[in-house]
Amino acid sequence: MEKDEKSKTKKSRPKAGRNTDDLHLLLNRLNRIEGQIHGIKGMLEKDINSQDILVQISAVNSALNALNKELIAVHIRTSFAKDIRAGNDEAITELSKLVQKLLK
């Protein structure tokens with residue numbers, strides 16, 4: 001299936017509706033991760049010891065996991081809760097599938 005065909009068949013999702021505090025927290029975390037990635041690139045360019053780089057990569061993985069946890073929490077508080085209040089029981093199935101994907 002070509003890309004255009006996939007985009008036509010994908011179900012359009014509404015905007016997340018995150019509040020400004022949540023958005024600020026998520027963007028701050030992502031900006032720190034971006035800085036860490038940039039630092040790792042610099043370490044590689046400077047031929048820094050692999051052990052030191054691996055430690056930094058591990059820190060990035062931890063930061064991504066923390067971002068993931070926070071984003072899931074925001075999703076549950078906002079989109080998921082809204083869907084449940086509106087009687088959309090399909091939201092439970094969608095959340096379950098999402099969690100299964102994340103726990104692979």
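Helices, as the term is used here, are DSSP runs of H or I with at least four residues, numbered from the N terminus. The model is a predicted one.

Begin by selecting residues 20-45, which form helix H2. This helix has 26 residues and spans 37 Å between its first and last C-alpha atoms, close to the 38 Å expected at 1.5 Å a residue.

Next, move to the start of H2 and display Asn19. A side-chain oxygen of Asn19 comes to within 3.0 Å of the backbone nitrogen of Asp21. At the other end, select Asp47, which follows H2 and has a positive phi, near 60 degrees.

Now colour the buried residues of H2: Asp22, Leu26, Ile33, Ile40, Gly42 and Met43.

Which residue forms a salt bridge with Asp22? Select Arg77: its closest N atom and the closest O atom of Asp22 are 2.9 Å apart. Because Arg77 belongs to helix H3 and Asp22 to helix H2, the pair ties together parts that are 55 residues apart in sequence. A search of the whole structure finds one salt bridge.

Finally, compare the surroundings of the two partners. Is Asp22 buried or exposed? With a relative accessible area of 9%, Asp22 is buried, the cut-off being under 20%. Arg77, at 45% relative accessibility, counts as partly exposed.

Note on methods:
Residues numbered from 1 in each chain as written. Predicted model: local features only at pLDDT ≥ 70, side-chain atom pairs only at ≥ 80, totals over all residues. Heavy atoms only, no water. Helix = DSSP H or I, 4+ residues; strand = E, 2+ residues; numbered from the N terminus. Expected span 1.5 Å × (residues − 1). Buried < 20%, exposed > 50% of the residue type's maximum accessible area, 1.4 Å probe, protein only. Polar contact = N/O pair within 3.5 Å; in protein donor to acceptor, adjacent residues only side chain to side chain. Salt bridge = Lys/Arg side-chain N within 4 Å of Asp/Glu carboxyl O.
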